[in-house]
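Here is a short tour of some local features in a protein model, written for someone who likes backbone angles and ring geometry. Have a look at the structure first, and then read on.

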Amino acid sequence: MLILPVMVTIFSACSKEDDPEPGNETPAPSKVEFLKVNDTLDLTDDSLVVQLKFDRLASVDGQISVRFTGDAVHGLDFTTRPQSTNGIITLALLKEAPMVEFTVFRTGPLQAERTLNLVLENPTEGFELGTRHESTVMLKKHPDQDVTVDFAEEMINITESVSDGFEIILNLIGSLLHTENVLIEVTSSQDFIYGTHFLTDPVAVQNELILDAIPGADTVSFKIIPVDDNLVLGSYEVMFSLHSTTGQLKKGTNTEFVVRIEEDDNNQVEVHTIAELRNMFNEFEGEFWLGLDYFIEGVITSGSNVANNKTAYIQDNTGGIMLMFTVQNYLKLGDKVRINLEGGTGTTINDQKAIIDIHDMLGIKLAQNQVVIPEVVTPEQVGSGEYEGMRVRIDDAYFPEADGTNVFAGSWVIKQGDSSAAVATYQWAPFSNYVLPEGNVSVIGIVGDWGRIMPQVYSHDIIR
């Protein structure tokens, strides 16, 4: 009997769990790389779009970083969108997006060519770097094409009452590629000050104007605005000098412009003396109305020690008088002014001659900080009426009621030998709570309400 050998093949069993399920295979990462390894931000372009591509559509969302190096300076030569932080921007990589991009912007004209190196870093899971993960962007310098700027004219005359100002134009010859700056220096005649006598638009800072010259513009301009000050200070000149420019801009041949501002406050009018005005009280036997122009000139001698804030005293070399305006008095002690009393009424207020209901609140200011020298008088002369409305001075006098406690507020007797007068101080005067000085003093003040002497500035008018 023939016995044949039996061959047994034993197969190793495999679990189905070790086999990948159909459709569950882990997808290969998408490779991210620059579309171009070399790119250029041209002379005529303000920006460049840098693109990143994938070798296959991404199956997940992710991120990647772009790091900037090179001699191009962020913020000075270029900026980016999205904005970079510490030389790095982070880009979102979207599932199934065919491409991602960011933008490099030129910040201004370059005087030399600059290089911007871009490096891809730190892709998140599902992405990896491709072979073109570095790129270079060249930022081209601007061509040496000059644009000249100079004043369209050399000089102009205007009056100080040109309230809207006068536009001064500079011509631009050539084509600007980017916004450039023009620096203008401002100088003026002696004693005429920027901000006090004239202004500009835009505003000058430390007597310098910076103007923007924009691409496509043929001109650049600014305004000079005289201050209509009602001061007869005379005409004056303001010079504008083209000091410096940026970038393509170069100074032309006409680099200076002079504005002569003509005084127009010195109108030719008939001016009456205060003595003439006071004589009208006798002529009309009391109250009268000034229905036509009636100009007087004088120095304001009063401050705050008057009956109310509508009241002022004015004096010329012929006399003084009280004025009362329809609104608050805006004139200051020491102002020399010309005032039109048209519409005012002559009457008696607090036992003194006065013009009330005056509408010319500012008048025309002829000078400032003028001092009226007081007349030296005796107490009897104060009471005579001859010095009514004028500044007077009584020497070698004393306050009998000065006891170290009584203060100026109110009405106090002042004596010179056996003669006496009264000194009045309203409670709103700055020195009303000062203690009456003991001993001999000189007292200066306006002969005002009820014939009393009214000091105005303590340090000037009470002399010990």
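Q206 is located in the loop between β15 and β16; helices (H or I, at least four residues) and strands (E, at least two) are DSSP runs, numbered from the N terminus. The model you are looking at is predicted, so local features need pLDDT of at least 70 and side-chain atom pairs count only at pLDDT 80 or more, while totals for chains, interfaces and linings use all residues. Residues are numbered from 1 along each chain as its sequence is written, and side-chain values use heavy atoms, with hydrogens and water left out.

**Backbone features in loops**

Most residues other than glycine have a negative phi, and most peptide bonds are trans. Q206 has a positive phi near 55° without being a glycine. Its relative accessibility of 74% makes Q206 exposed; here buried means under 20% relative accessible area, exposed over 50%, and partly exposed in between (1.4 Å probe, protein chains only). N369 is another non-glycine residue with a positive phi, of about 55°. N369 sits in the loop between β29 (364-367) and β30 (375-376), and it counts as exposed at 68% relative accessibility.

The loop between β15 (198-201) and β16 (208-213) also contains P202, and the peptide bond from D201 to P202 is cis. A cis bond also joins R81 and P82, with P82 placed in the loop between β5 (78-81) and β6 (88-93). The table puts the two bonds side by side.

| Cis peptide bond | Omega |
|---|---|
| R81 to P82 | about 5° |
| D201 to P202 | near 10° |

**An open sheet**

Five strands form an open sheet with mixed pairing, in the order β2-β10-β8-β4-β6; two strands pair if DSSP finds at least two bridges between them. β2 (38-41) and β6 stand at the edges with a single partner strand each, so one side of each has no neighbour in the sheet. From one strand to the next, the twist averages 25°, where axes are lines fitted to C-alpha atoms, for helices over the stretch in contact, and angles run from 0 to 180 degrees between N-to-C directions. β2 runs parallel to β10 (residues 134-139), and 4 bridges join them. Within this pairing, L41 stands opposite L139 in β10.

**Aromatic pairs**

How many aromatic pairs does the structure hold? There are 16 aromatic pairs. Rings of Phe, Tyr and Trp (its six-membered ring) pair if their centres lie within 6.5 Å; planes under 30 degrees apart count as stacked, over 60 as edge-to-face and the rest as tilted. The rings of F198 and Y236 form a tilted pair, because their centres are 6.5 Å apart and their planes stand at 35°. F198 belongs to strand β15 and Y236 to strand β18 (residues 236-245), so this pair ties together parts 38 residues apart in sequence. F198 is buried at a relative accessible area of 1%, and Y236 is buried at 4%.

F399 and F408 make an edge-to-face pair, since their ring centres are 5.8 Å apart and their planes stand at 80°. Both of these residues, F399 and F408, are buried.

**A buried isoleucine**

I339 lies in strand β26 (residues 336-340) and is buried, at 0% relative accessibility. Leaving aside residues up to four places away in sequence, I339 touches residues including Y294, F295, I296 and I314, where contact means heavy atoms within 4.5 Å.
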